[in-house]
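Please look over the sequence and the model shown here before reading the notes that accompany them.

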Amino acid sequence: MRVNDTAHSDNSAWNRQVYHRLKLALSLGLRRQIFLAVCDDLHLRNQVAARLHSTLAYPVGQVLYQPADGQESSTPAYPRLVTLRLNLNEPNPIEQINQWLNDYPPPVVGASKDTPGRPLPIPTFQIVGVEQLTKQSVASQRLFLHYLRLSEEYFSAQESSRFLESSVLLWVSRPWLSAIQQSAPQFWRWRTGVFVFAGEPTPTTQNTSHPERFPRSQSLNLGNLEQSMLDDLDIETEVRTTAETELEFKNELDFAAQTLANSTNLKDDSSASIPKELINKQKQPEIRSNQVEKSSLSAFSHVNQELIDLVLATMNTITHTQSEGEWQPQELLLEIEKLHSQKAAGEMLAAAYHQLGNIYRLHIEQGQSTLENLMVAILAYQEAITYDENLPQLPDTLNDLGTLYWMLYRTPPNIEQGKNYIEQGIEFYKLALKMISPETHLDTYARVQNNLGTAYGDLAKFASPGENWQQAVLAYSEALHYRTVESDPLKYAACQNNLGTAYWHLAQYNQPVVHLKKAIAAYQEALAHYSPQAEPLKYGMIQNNIGTAYWNLAQYEQPGENLQLAIDVYSEALKYRTPAHVPSACAATQNNLGTAYWHLANFAQTPKEARQNLLQLCIHAYEEAVALANSLGSSALSFDLFATYNNLGLAHYQLVTDNTFNGDKAVRSQHLEAALDNHLLALNGLSKQPEAYQTTFAYVVKTVRAFHNELGIQGQNLALSKVPGHLLAEILPKL
């Protein structure tokens, strides 16, 4: 299109037309296109750029409905549009794009045994912040134009830069557009289109108090809890080592020994609270209408089409559970469209969008955290911010957006691809923290810091675990400066527990003794504020956490003392984690207790006369864990049942082969049969895990030999009669 300076009598109508043309151009997914967007009004520029980002970065349909044929054009976690703020110290947009692509290369999809897969398309890049060069030195301004002139080299030598596989949208003011035309003519000639928005120029001194919508070095879309609207992610953790479990109201930490022959590997299963109650209800504009039919929503021309489609998809579940007299989502959409048509003030539009987000947030808090509900809440809140960046409840809304993105990561099918969603959530939390201080927003500040710690803990699963757990420690510690015993003892205790868990994880990467001791101190501080009578499950859970930390510490110092402390604490935890009330948690702690007994039995300084008793206690604890596990099913467990089978088999084996054992042949046979039975159960479940299968197979062979050594040829025949026929040909040569 041709650039002109004609004043438009209806700027709003003009800008809507330009926006829709620009959005369409970017939506086509064409490669190697250069678009220039011209806007002198920075507030308007921020609105349009933010709306493009919220609409195009993660296409809603792509997030919600994964194609079955594997031909997806993106993943829920890899953006289609990336927003970058120009680096004013080195104003080279092409290099910034290349750096982003080096840091976040397109993931490969569709890989199988027969096909190598293919990388996803490179995103479109939206560059903002060029207008800020006006405040920089003349040398910096010339350097920017110099880099644009150098772009000719990139176009002529395409293999040197991947950015040409994408499209670029460069936001500039009119003076900078003129400068580019005159000083970077080759870049200007390569342009695909110019989109001019009408608006008054923003003074260079203005906007200094507004929060930046985009970080300086990377976009909000690289990611990819309370008075806020969503409650804290006050996690209460146990160390879990093998199987991930479904998100619970509180997250815990359990561990399971992989094999008793080797040290236990502990893995994280952080979870967090689903929001539970609406705390902040602000007054909303009086906008009501008659019941709206679905067909009436199809003719909207102002409201985001993705938002309309999502609301239509959720009308049945949301409408049927609305209380009488409350707003219906479709009513609000109709009124929002009406406000748009009447050119209502941004504050009115923002309030209406915010109310729509609140409706869906309430249902999410009540447990309806579907992908559709999460996406409506996200889009509605982002629209609210777009129309009023001075929204009264903005810090809380940013906090809620962080939580919603965190929940989006936790919602299938996004769990395996959620790194960018977590990063998006972290960006919102950080932005909220930039706008508040503990002096003016004490509760909100502590809440956001606590949530930030939880998000960093989840990010540690994907990248830089040591660094991210350190960030989690810093965030929880900062929250505890302001979340005191006096203000709210239970939230203080929950945050101390979170801090203990962060220290525990950090200990897996550096300074284990230092960090494990800090973890124990934090857990014990949390425990001091939980009553076993009032909060028995939480009390038992934190006791389990302390036991795990002592068990871990025993691997580094004072093993006898620390293992005994772990046993004592696990035993205390089992007074509250009972089979009747929390069978899965009880099974996990029994499994932990069995492992602690086994390690203490094998500690060199443990007296021989105590070893037999410890092994008997170990067997009893593992048998309790296995019995509960079999009654629950593997999906409800937080530990590896097949590892526990092996552990139980090894305990029976060691009890019999220990030179202090004095049982008769019948008792020996009983223990050896139990050992073989458990190893065979493990072997049967590990057929798809070659390494663990071979280890377990070796246990089977060793146990069969023990039958011969302890009970003679008759014992060996008994053992072989228990072995499945298809294994005999492989076992016999090894005897």
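## Basis of the model

This is a predicted model, in which local features need pLDDT of at least 70 and side-chain atom pairs count only at pLDDT 80 or more, while totals for chains, interfaces and linings use all residues. Residues are numbered from 1 along each chain as its sequence is written, and side-chain values use heavy atoms, with hydrogens and water left out.

Strand β6 (residues 168-172) has 5 of its 5 residues buried, so it is largely enclosed by the rest of the structure; buried means under 20% relative accessible area (1.4 Å probe, protein chains only). V168, L170 and V172 point one way from β6, L169 and W171 point the other way, and all are buried. In a regular strand the side chains alternate between the two faces of the sheet.

β6 pairs in the parallel sense with β1 over 5 bridges, and W171 is the bridge partner of A37. With strand β5 (residues 124-128), β6 also pairs in the parallel sense, over 3 bridges, and here L169 is the partner of Q126. Pairing requires that DSSP finds at least two bridges between the strands.

## Helix α13

Helix α13 (residues 419-435) is mostly covered, with 13 of its 17 residues buried. At 1.5 Å a residue it should span 24 Å, and its end C-alpha atoms are 25 Å apart, which agrees; the expected span is 1.5 Å times one less than the number of residues.

## An exposed leucine

L28 lies in the loop between α1 (11-27) and β1 (34-38), and L28 counts as exposed because its relative accessibility is 54%, the cut-off for exposed being over 50%.

Key
Helices (H or I, at least four residues) and strands (E, at least two) are DSSP runs, numbered from the N terminus.
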